[in-house]
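Let's learn to read a protein model together, one feature at a time. Have a look at it first.

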Amino acid sequence: MKPDNEKKSRKTASHSVFDPASVAHDKNIQGAQEGSVNRVSLPVTGMHCASCVARVEKSLQNHPDVTAEANFASGEVQIRYNRKTGDLRSFINTVKDLGYGVTLEQKRCRIQGMTCAACVRRIETALSRLEGVTEVSVNLAAEEARITYVPGMVSFADFRKAVEQAGDYRLIEIEEGEPRDTLEQERQKRDRSLRIKVLFGVLMSILIMTGSMSHMIPGLRNLPSMWTHPVLLVLTLPVMIWAGGEFFRGAWTALRHRTADMNTLVAVGTGSAFIYSAAVTLFPHWLGGLGMHAHVYFDTAVMIITLILLGRLLENRAKGKTSEAIRRLMDLRPEAAHVLKNGGFFDIPLAEVEQGDTLLIKPGEKIPVDGTVLEGHSHVDESMITGESFPVEKSPGDPVVGATMNQTGSLTMKALRVGQDTVISRIIQMVREAQGSKAPIQRLADRIASIFVPVVVVIAVLTFAVWMLFGPPPPWTRAFLSFISVLIIACPCALGLATPTAIMVGTGVGARHGIFIKGGEILERAQKITAAVFDKTGTLTRGTPEVTDILPEPEWESSRLLALAAALESASEHPLASAVVRAAQDRGIALGRVTRFKALPGLGLKGETEGLRIHIGRAGENKNSGTDKSRIIEKLRQQGKSVIAVSVNGKFAGVIAVADELKNASRETVLALKKMGIRVMMITGDHEKTALSIARRAGIDDVIAGVMPADKAGKIKELQSRGEIVAMIGDGINDAPALAVSDIGIALGSGTDVAMESADITLMGDDINGVLRAIDLSRRTMKTIRQNLFWAFFYNVVGIPVAAGVLYPFFGILLKPVFAAAAMSFSSVSVVTNSLRLRRWHPSDRSFQETASLRPENAL
């Protein structure tokens, strides 16, 4: 315990006051055993005063046996609690519910030695028990773990120790920016090792099978078993010790930790066959005296190990293909850059490029980092980032994105974002996190996997007992073979691979088409969407207003009216003003000099040019200048256009209509979403008539108009309160609050300014059809996951009873252990192969039509 004077000084530093409840909490904790008391320093953000401190302390001390002392100066909360009744995660949630933040760190680690879903569950449990760890996600297919923890409470050394104590596993820290090649090299090394073992196993299987069937082979029929059995024993030993050694080492490690996994099943099954056969070979008369059939099963043990190793080899190769998307993304980055140093350009590694460097990009080279063009003109292929097939013209001042391809001319650029800050690096990180995530549907498989192996062992023992008691003669042989078959056919691997492989392939193929999905949970929610809410400007529309109509009075010409209006608008920063100026420039109209310019709040602009007094205002609000022509204005507004009235020397001169035109694909996208059974809505800050006109042309019936950006989130919550699962689609900047509160936030954006933080799904480029692609991909990925889980469960539910001999009384069918091993290997490979079918997914009109039939209730 700390001295009283130290406690007093800490209270003063934290700006806390005396609280009798705190004393009671202290007494409760002091009454507990010292070993059961935990102390944690929680880094909290957002505390600014003594009242914040009091709120945090009071809320935390509502938990049983907890004392809390907050210090807003250091941004820390010291918590003492009884580990038997307290939970760090609940403390963190309490602080967050109050509106404060908790600083947590996340570490990515590679895990070696996992073989099935039981391994995943065991490692997650071991890491979750560490004090300071708040969340753990282990991915069997990616062979990675993501650990979220409170900094200072726990370290990587603690993670490694916990994982190693959980079994025969090895934890390797992945540094930020570490090449994915490291994992690929390890996978290739594993592939080579498995290939050699499989080839060796096949060779030995042929020899041992020949020896086991010597009584059927001419020239070998008369060989006595006292000669053949010892030879078979010697041939089997290297397969058991070397090729199959990993199963026995894994089983022994699991046994030491009082757990069981797939290695246990294989080791017990093949080990039983080998030990019995060795006993028959070494002590034939003794076993014969016990009435046991003196038959050897060396061929069974060797072929089972060989087939399972073959399955692991195929599985290892298939899992390598699931992470292909990351490798492709990393290959987009060039290895070097031409940097201006001491008056000349020199080649340096990409990692050494610094912010502010001047770079040269030659024709046909990839742009190394994000930045801005300083000199030169060229066309850049940005399809690998935005998905747009047409090259984009680049001139001085234009932004460029790293990993895109310069085509026609040389460019000199200034590096603005380098290293992990570039768009391509952020995309790689997003895809990596998505592939390492879990869908909620996986939790069922994880729970089953945690008890799967012990249950299978019990079933195998019961199978042996039933055959021994009730089986026809010879009971020992059938009981023994059925026991082995049950152990071997059971496959927790398929359960563990069903979800992560599909998520890895689905998110990977999405990234290839400019669809970046943040994880498995997002995929699962996206396929349940019932309502899609579109922002208008920049989402349904082009986002760049254009002049659509110029309607002058009879005494004025259109070009003259546009010239006067554009001259005055050139001094304004309003979006509509830029549209008028752009229209004049496109027509080659020279703009006059403006004097006495003045902006009139709510009334528009006024000024003088070419000796004329010009007044521009919103039509209908400038009656004092004679600019109200209600019939014309109303007709234009009904078409969804903003109307600018122009008066010259106090007399109405005409109107200019400006509209933000619909994107070509907007109506097609809306109709396709309706066909999927999704309610489509539009939300905008425009007045109702303009909004209704745009919505009508887009095919949208439900409109929420006159909503400020800050109020959009509230409208989304209203829809959610009615039971809707809402997708918000916006440009990802002004719509960030609405994107964050929606069930699925979908942000459209270019490669340079994408709201990756607010949105759950980010679509590179501004093609609104990407919304359809994202929903289509999520539904197809979830369909694949359900298929995988169905077949994984179905395989075990059907396979285990068949292996136990349930068909024997009716059809005389008894599954041999060798066929059980082949079936087990096939189950894992089939799940991964089914997931790999997603790689063929491609956004097409046909896929959008088919998506309507892929609703959750029709998933299988």
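This is a predicted model: local features need pLDDT of at least 70, side-chain atom pairs count only at pLDDT 80 or more; totals for chains, interfaces and linings use all residues.

Q: What share of the residues is buried?
A: "Buried" means under 20% relative accessible area, "exposed" over 50%, and "partly exposed" in between (1.4 Å probe, protein chains only). Of the 860 residues in this protein, 53% are buried.

Q: How do I read helix α28?
A: Start with the length rule: the expected span is 1.5 Å times one less than the number of residues. Helix α28 covers residues 769-804, so its 36 residues should span 52 Å, and the end C-alpha atoms are 53 Å apart, which agrees. Because 27 of its 36 residues are buried, α28 is largely enclosed by the rest of the structure.

Q: Which residues form a nonpolar patch on the surface?
A: Patches are made of residues with over 30% relative accessible area and no salt bridge; like charges are joined within 9 Å, nonpolar side chains (Val, Leu, Ile, Met, Phe, Trp, Tyr) within 5 Å. Accessible areas come from the Shrake-Rupley method with a 1.4 Å probe, and for residues only the protein chains shown count as cover. In this model F790, W791, F794, V797 and V798 make up such a patch, with about 500 Å² of accessible area together. F794 sits in helix α28 and counts as partly exposed, at 39% relative accessibility.

Q: What is the strand order in the open sheet of three strands?
A: Two strands pair if DSSP finds at least two bridges between them. The order is β14-β13-β16, with antiparallel pairing. β14 (392-394) and β16 (405-406) are the edge strands, each pairing on one side only. Three bridges connect β13 (residues 378-381) with β14, and H379 has E393 in β14 as its bridge partner. Two bridges join β13 to β16, where V380 is partnered with N406.

Q: How many salt bridges are there?
A: A salt bridge is a side-chain nitrogen of Lys or Arg within 4 Å of a carboxyl oxygen of Asp or Glu. That rule gives 18 salt bridges. Take R190 and E246, whose closest N and O atoms are 3.2 Å apart. This pair links distant parts of the chain, 56 residues apart: R190 is in helix α7 (residues 181-212) and E246 in helix α9 (residues 245-256). R190 is partly exposed at 30% relative accessible area, whereas E246 is buried at 12%. R190, K197 and E246 are also linked in a network of salt bridges.

Q: Why are R525 and E521 separated by about one helical turn?
A: An α-helix has 3.6 residues a turn, so residues three or four places apart point the same way. R525 and E521 are four residues apart in helix α19 (residues 520-526), so about one helical turn separates them. Their side chains meet in a salt bridge (3.3 Å, N to O).

Technical notes: Residues are numbered from 1 along each chain as its sequence is written. Side-chain values use heavy atoms; hydrogens and water are left out.
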